[in-house]
Amino acid sequence: MASHPSVPFFSGAASVRRQWSEVSELIRQTASDGTFVSGRLVAELEEKVAQYTGARNAVACNNATDALALMLQAAGVGAGDEVIVPAYSFFATASCVVHVGAEPVFVDVDPQSYAMDPAAVRSVIGPRTRAILAVHLFHQTADIAVLREIADEHGLELFEDSAEAIGMRVGDRHAGLWGRAGVLSFFPTKTLGALGDAGMVLTDDDALAERVTRLRTLGHLAEQGPGSLAVGTESVCDEIQAAVLLTRLAVLDQDIQRRAELAAHYTRRLEALAPTVTTPVMAPAKETGDPVWYVYLIETDRRDELVEYLAAHQVGTEVYYPRPLTEQPCFRDLAGARHPVPVAAAAARRAVGLPLYADLTDEQVERVCDLIHTFHEGTR
Ligand SMILES: Cc1ncc(COP(=O)(O)O)c(C=O)c1O
């Protein structure tokens, strides 16, 4: 019997290995400079990401979880404020709101973009609503032009959890720059991934960038008013991660292109399984951009069985996200978690991400698709 290679969900350091000589030379220089955090390479990374995204400011932090909280804190979001967030997202989308002392108000998402449903956003705006925190998931942005309009109509601030969205643009504006500020994550699995944690705040607001810069290094700010010192944290970026990210940023557009080819390959093979398996589409939006394939997400009723079947055949998957945020024990009793979120609940039951990274081969995609076909044979 022919043996099949395993297909891990994530290729680990394979992409970095391609560029190992450049990365190791930068790390060697770092070691001899003796500056290990927030040094020359981090400054260069901030400059290059600002150029890539078109942001006036890019402020590196330890990860996007910190970047989100620092962004809100620097903007003065806090006690008494409500922030509207989608019920389907990574935990940090809501935890950042709680961390600054404000209250998340969860809304349901659109079944195609998985991003917050603008109609649901309108329905929960109240006197304490301070901001909308839009999230861009998997391969496309939220309907950000409409969310921008809603924010403007109601005098709200718009922030973006654009942790997954490097490379995503709507028109010519990069994700994270549609509101007051946004973030990027460089967690290893991300489209631009480090060899550990790193993240960033993106903003065109110079004063906000300055406050984040101070808050990320313990900074206490007296300028927010008499007696109101803002206590910061320690959330800096390592030079080693900056070395990896600078090297990988140089090939990011090639990686994005390769991811698009792989996603098209998956869709060609899997769309024949509709409606048992649904493949990703671009949801109609007021203003659109091209997809950037961070995660290739399919949906199927027998998701958990499929995950087990693929694992038994050495294919890795990742369940995004196993439960709506409104069902997280730490959020479910909040007043803002009371609105029904049926679309988020269905996605949490049905959705699963398949392996997708620039080093994945077409043969590996074929292998995954063959297995998914075999699994579903006879069930349509
Ligand atoms: C939507 C979203 N928000 C926030 C984060 C947090 O990023 P980090 O892992 O860099 O803290 C992630 C990454 O997992 C994410 O996908």
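This is a predicted model: local features need pLDDT of at least 70, side-chain atom pairs count only at pLDDT 80 or more; totals for chains, interfaces and linings use all residues.

User: Okay, where does C61 sit?

Analyst: C61 belongs to strand β1, which covers residues 57-61.

User: And what does C61 touch, leaving aside its neighbours within four places in sequence?

Analyst: Its contacts include D66, A67 and L70, and also G199, M200 and V201. R216, S235 and C237 are in contact with C61 too.

User: How far is C61 from S123?

Analyst: From C-alpha to C-alpha, C61 and S123 are 34 Å apart in space, and they are 62 residues apart in sequence.

User: Let's zoom out. How is the chain divided?

Analyst: There's domain 1, residues 14-249, and domain 2, residues 252-376. Taken over C-alpha atoms, their centres are 23 Å apart.

User: How many residues of each domain are in contact with the other?

Analyst: On the domain 1 side there are 40 residues, and they are in contact with 37 residues of domain 2. The elements giving two or more residues to that side of domain 1 are α1, β3, α7, β6 and α9. β3 gives the most, with five residues.

User: What classes of residue are on that side of domain 1?

Analyst: The side of domain 1 that touches domain 2 has 21 nonpolar residues, 10 polar and nine charged.

User: Tell me about β3, then. Is β3 mostly covered or mostly open?

Analyst: Mostly covered, as four of the five residues in β3 are buried. β3 pairs with β2, residues 82-86, in the parallel sense over five bridges. In that pairing, V105 of β3 is the bridge partner of I84.

User: How does the chain get from β2 to β3?

Analyst: The chain goes through α5, and this β-α-β crossover is right-handed.

User: New topic: the ligand. Which residues are closest?

Analyst: N63, A64, T65, A163 and S185 are the closest of the 15 residues that surround the ligand. By class, the shell has six nonpolar, six polar and three charged residues.

User: What about the sheet with β11 in it? Which strands form it?

Analyst: Three strands form an open sheet in the order β10-β11-β12, and the pairing is antiparallel. β10 and β12 are the edge strands, each pairing on one side only.

User: How many bridges join these strands?

Analyst: Two bridges join β10 to β11, and β11 pairs with β12 over four. V277 stands opposite T300 of β11. Over at β12, I298 is opposite V352 and Y296 is opposite L354.

User: Is β11 mostly covered or mostly open?

Analyst: Mostly covered: four of the five residues of β11 are buried.

User: Which residues have a positive phi?

Analyst: F138 is one of them, with phi near 70°, and Q314 is another, with phi near 60°. F138 is in the loop between β4 and α7, while Q314 is in the loop between α11 and α12.

User: Are those two buried or exposed?

Analyst: F138 is buried, with 21 other C-beta atoms within 10 Å. Q314 is partly exposed, with 14.

Key
Residues are numbered from 1 along each chain as its sequence is written. Domain bounds come from an automatic or database domain assignment. Two residues are in contact if their C-beta atoms, placed from the backbone, lie within 7 Å. Ala, Val, Leu, Ile, Met, Phe, Trp, Tyr, Cys and Pro count as nonpolar, Asp, Glu, Lys and Arg as charged, and the others, Gly among them, as polar. A residue is near a molecule or strand if its C-beta atom, placed from the backbone, lies within 6 Å of it. A residue is buried if 20 or more other C-beta atoms lie within 10 Å of its own, exposed if 12 or fewer, and partly exposed in between; C-beta atoms are placed from the backbone. Two strands pair if DSSP finds at least two bridges between them. A crossover is right-handed if, with the strands pointing away from the viewer, the path from the first strand over the helix to the second runs clockwise.
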